Amino acid sequence: MLNKHLITGITGQDGLFLTSIILKNNPKDLIVGISRNSENSNFFNRLRYLLPDFKNFENIQLINTDLKNKVEVDKLLTDFIPDYVYNLSGPSSVYKSLIKGNDTYEQIISIFNNLINPIVENNFSTSFFQASSSEMFDSSELPLDENSRLKARSPYAKGKLYVHESIQKIKSIEKINISSGIMFNHESEFRDDEYLIMKIINSAIQINEGNKNELKIGSLNLTRDWSYAEDVANAIYKININNTSEDYVIGSGIGNNIENILEIVFTYFDLYWKDFITVDSSLLRSGDPVSIIAKPSKINENLDWKTETTLKDLIIKCIEYKTN
């Protein structure tokens with residue numbers, strides 16, 4: 001039986017890898033992808049890079065739908081009636097959310113409401129995955145799991161937390177398969193240049209080519225749990241197809257600080273990172289926790305999932321994609 005998948009934010013790194021995973025498992029499944037920039041996207045070129053043996057992608061449709069428009073989203077869902085919805089859309093930059101404030105907060109909430117309401121109201125037997133974020137957690141020196149304290153600081157985190165708490169309420173009153181995947185930092189070769197690892201890689205490339213001689217970093221000690229986006233997409237897929245309405249922390253369980261990233265990147269180019277790095281604490285976001293590390297034991301045990309790609313291998317993938 002063919003399944004129907006609806007993926008919001010499909011042209012982002014998570015949507016791209018998720019699409020490839022769905023096709024590997026069920027090549028004939030129908031996929032509708034929603035993206036703000038589907039017409040200008042190189043989505044299919046990237047998908048061919050991941051799936052070189054696939055001849056065509058006729059069962060994938062990319063559409064421009066305003067997810068903030070209740071009428072448009074309602075019509076899409078009632079016409080398509082997906083078996084699986086993966087809500088990966090919305091702002092992903094915490095820094096930008098600090099600038100835009102209420103717009104970011106309201107956008108995250110309205111998109112979720114517009115997607116979930118038709119499913120609940122029409123009693124569709126749809127399995128729903130919501131992309132939540134480790135930004136929701138309070139600062140902690142201990143690894144974070146599904147029961148750790150939540151305390152949002154940015155408009156982005158507050159929006160994600162509101163939706164996460166809404167999911168808990170929905171579970172208590174509705175018979176619906178809905179899960180919140182609390183995703184920790186994850187990157188890939190398809191990540192935009194504005195993100196930290198890509199900034200470091202791009203700077204190292206420029207320094208290696210003699211076009212730059214300095215990179216400013218806010219801190220060497222901030223520690224995060226970085227995973228490869230394909231591993232995270234595998235978790236998303238496993239969570240949603242299991243239809244258990246369980247929430248899961250998605251991360252490697254391994255912390256790495258920024259100094260580790262600099263060491264890996266600059267060593268690749270046979271450069272000594274300390275010759276080029278200047279620490280400027282004014283670049284840090286106010287209130288940023290020193291350490292955010294996942295404790296993914298629940299998803300390890302329940303779904304037999306764990307990350308497979310090390311930080312070093314992730315970084316090398318990104319460098320080679322950039323330089324080839």
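**Close-up 1. Strand E6 and its partner strands in the predicted model.** In this predicted model, Met183 stands opposite Ile250, a residue of strand E11. The two strands concerned, E6 and E11 (residues 248-250), pair in the parallel sense, and three bridges hold the pairing. E6 is also joined to strand E5 (residues 127-133), again with the strands running parallel, and here the bridges number seven. Within that pairing, Phe129 stands opposite Ser179 of E6. Strand E6 itself spans residues 177-183 and is mostly covered, six of its seven residues being buried.

**Close-up 2. The β-α-β unit that contains E5 and E6.** Helix H6, which comprises residues 155-173, makes a right-handed β-α-β unit together with strands E5 and E6. The strands of this unit run parallel and are joined by seven bridges.

**Close-up 3. Nonpolar cores and the surroundings of Val265.** The largest nonpolar core has 62 residues, and those with the most contacts inside it are Tyr86, Val265 and Phe266. Apart from this core lies another, made up of 25 residues, among them Leu6, Ile63, Val85 and Ile111. When residues up to four places away in sequence are not counted, Val265 touches Ile200, Ile201 and Ala204, and also Ile315 and Ile319. As a general background to such views, nonpolar side chains in soluble globular proteins tend to be buried together.

**Close-up 4. Arg46, a buried charged residue in helix H2.** Arg46 lies in helix H2, which covers residues 43-50. Although Arg46 is buried, it has no salt bridge, and the nearest side chain of opposite charge, that of Asp192, is 5.7 Å away. This separation is why Asp192 does not count as a salt-bridge partner of Arg46, because a salt bridge requires a side-chain nitrogen of Lys or Arg within 4 Å of a carboxyl oxygen of Asp or Glu. With its neighbours within four places in sequence left aside, Arg46 is in contact with Leu16, Phe190 and Tyr321.

**Close-up 5. Lys238 in helix H8.** Lys238 belongs to helix H8, which runs over residues 229-242. The relative accessible area of Lys238 is 28%, so this residue is classed as partly exposed, since the class lies between the limits of 20% and 50%. Leaving aside neighbours within four places in sequence, the contacts of Lys238 are with Leu303, Asp304 and Trp305. Glu165, by comparison, is 73 residues from Lys238 in sequence, and the two are 22 Å apart in space, C-alpha to C-alpha.

Technical notes
Residues are numbered from 1 along each chain as its sequence is written. This is a predicted model: local features need pLDDT of at least 70, side-chain atom pairs count only at pLDDT 80 or more; totals for chains, interfaces and linings use all residues. Side-chain values use heavy atoms; hydrogens and water are left out. Helices (H or I, at least four residues) and strands (E, at least two) are DSSP runs, numbered from the N terminus. Buried means under 20% relative accessible area, exposed over 50%, partly exposed in between (1.4 Å probe, protein chains only). Lys and Arg count as positive and Asp and Glu as negative; His and the chain ends are not counted. Contact means heavy atoms within 4.5 Å. A nonpolar core is a set of buried Ala, Val, Leu, Ile, Met, Phe, Trp, Tyr and Cys residues joined through side-chain atoms within 4.5 Å. Two strands pair if DSSP finds at least two bridges between them. A crossover is right-handed if, with the strands pointing away from the viewer, the path from the first strand over the helix to the second runs clockwise.
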